Every structure is written in structure tokens, then in C-alpha cells.
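Trainee: I've got a model open and I'd like a close look at one part of it. Could you take me through it slowly?

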Amino acid sequence: YFNAGMHGDIMQWILQLAKDKAIEISSIELSVINHYWLTGSFVSGTGHGHSEPPDINVSIQSPAPSAQINDLVQEALQKSAVISYLNQQLHNTFAIYANGRRRTVIDLNDSTANDIEDPFQVRLTAPSPAAGYVTSDTIHKLTTKVDGEVVLASASPNGKVLRNIHGKSKWVAGASTIDVDTYLELAGASHFNFKVSVLETNRQYPSGFTLLCAGITFCFMTQLSRYIENMKMPIAGLRVVQDSSYQIHNGHAVASSLDTHLFINGTADDA
């Protein structure tokens, strides 16, 4: 999700600025590699996640001079919400609701926002897309897989556990969407295809920023679930509401801190 979001957001800004500056582009190819690694143990409660700067490669076919294209890409990166999230140190805030009651947050920045309703209580049925929006092919697993057999990761690994995410996409003139082929560089891992809207008009699929935000929430919930499972904590029924935003200030995207509201249920005590 995060990798596909980077593709969509960067591509959208390149196209928007090219339109504003009347720069003709016939195609754009984008490659993104995200580098992550983990240390410590979930079982011992010492697990730590780390990330390295991503590798971003942009190839553009255009009759415009190379210097003009280079300036175009640099400006697009400055205005990209995705890049602002990678560049800035954010002091994110949190709220925790246990069995329907908000509890005091310890060792984290406490959210100053008012209480938020539990999504499970607000949505009596699973959310569904508005009429007229394509959904079946938004995200799907491809038949392509990384060579080798899947080996489950240990909950108490020795040393670094490396996780690289690769993604490639291509835009051609006239298209309002791109397809991102993205996968985890791990034996037996599947490739996934994400359709992303890269134009403001006729947006039938998620934007890059939407996918990025989904990726952050997805990762948070995944690691939290793994921790609860490995620590055998009596907690279930996780839900989360996460607010993400940014603004363009003096030609640069400025990301706001994420405000996360976590809903948990179970018999574990507050500590």
C-alpha cells in the first residue's frame, strides 16, 4: 500500500505540474524500492521497526529539455505529500479506548482531539463503495511470485530481519490511472496490482495519498496484532481511526502529525 501510494502521489504531481507548465509528456516509468528492517523480539517485547530512504527512479519521455524535466520532477517531489511524510520528523498523537472507555495514554503523545466513535458502532454493515465506482480490480493478487518457497518469519529472530518492497508503474499519455506492480522481496511472495488515480478529474480509484494512509494504518494494525498474539494478551476486536493531513506551504508539502485512535476490547488491565 505504501509503495503504491508513493507511485500514485509522485506521478500525480508530475502530471499536474507538466499540465500547468505546458510540458508535453508521452510516458512516465516509475520504480520505487522501500527498505525496512526489524530488530529484537516480539515475544520479549523488544521488537523495533526501522526504515531507510527509498530508491526512486523516474524515467520520462518528452521533447522538453532534460534540465526542464529535471526541474519538473524536483518540484513534484517538493509538493508530494508522500515525500513530506518521509522527510519530516512527526510527533504523532494517540488515544486508546478499552472496552468503550477512553484510557490514559502512557509514554506516548496524548491526542488532544475529542473522543471519536468506535467504527464498529458507527458502521452496522461493512462499508461499500458509492454507486458507479469500480471496485473489483482496485487491488488484486497476480499469479506472479518471487522464486523460492515461503518460510515463516520467527517471532524471535537473530540480528536484522530485512524487508524490501519493490514497485513499478507506467503512465502513458491520455491515461487517468496507473497500474502498480508491487511485491515483497521474499521467497514465494506474491505480486499485487494496485490501480491508482493520478488525475484530479474522473477519480474512479484511490489516490496515491489515500493508499499511503491506508498503508500506515495497515502496518500499525499488523504489528499490533502480532504483538498481542505473541504476548498472548487477552485483547481482541481491534479497530482504529487515523487522521492524516498535509498542506502546501511556499511550494512545499508539509505533513501534519498523525492522530491515531485505537479501540481495543478484552480483559487486560490498563498497564
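Among contacts in the protein chain between residues at least 6 apart in sequence, what percentage joins residues at least 24 apart? And please zoom in on the cysteines: how many disulfides does the count come to?

Mentor: Before we start, this is a predicted model, so local features need pLDDT of at least 70 and side-chain atom pairs count only at pLDDT 80 or more, while totals for chains, interfaces and linings use all residues. Numbering runs from 1 along each chain as its sequence is written, and side-chain values use heavy atoms, with hydrogens and water left out.

Now your percentage: it's 67%, where a contact means heavy atoms within 4.5 Å. The protein chain has five helices and 13 strands (DSSP runs: H or I of at least four residues for helices, E of at least two for strands). Of its 271 residues, 35% count as buried, and that means under 20% relative accessible area, with exposed over 50% and partly exposed in between, using a 1.4 Å probe and protein chains only.

On to the cysteines. A disulfide is a pair of cysteine sulfur atoms within 2.5 Å, and the count by this rule is zero. Take Cys 213: its closest cysteine sulfur, in Cys 219, is 14 Å away, so that's too far for a bond.
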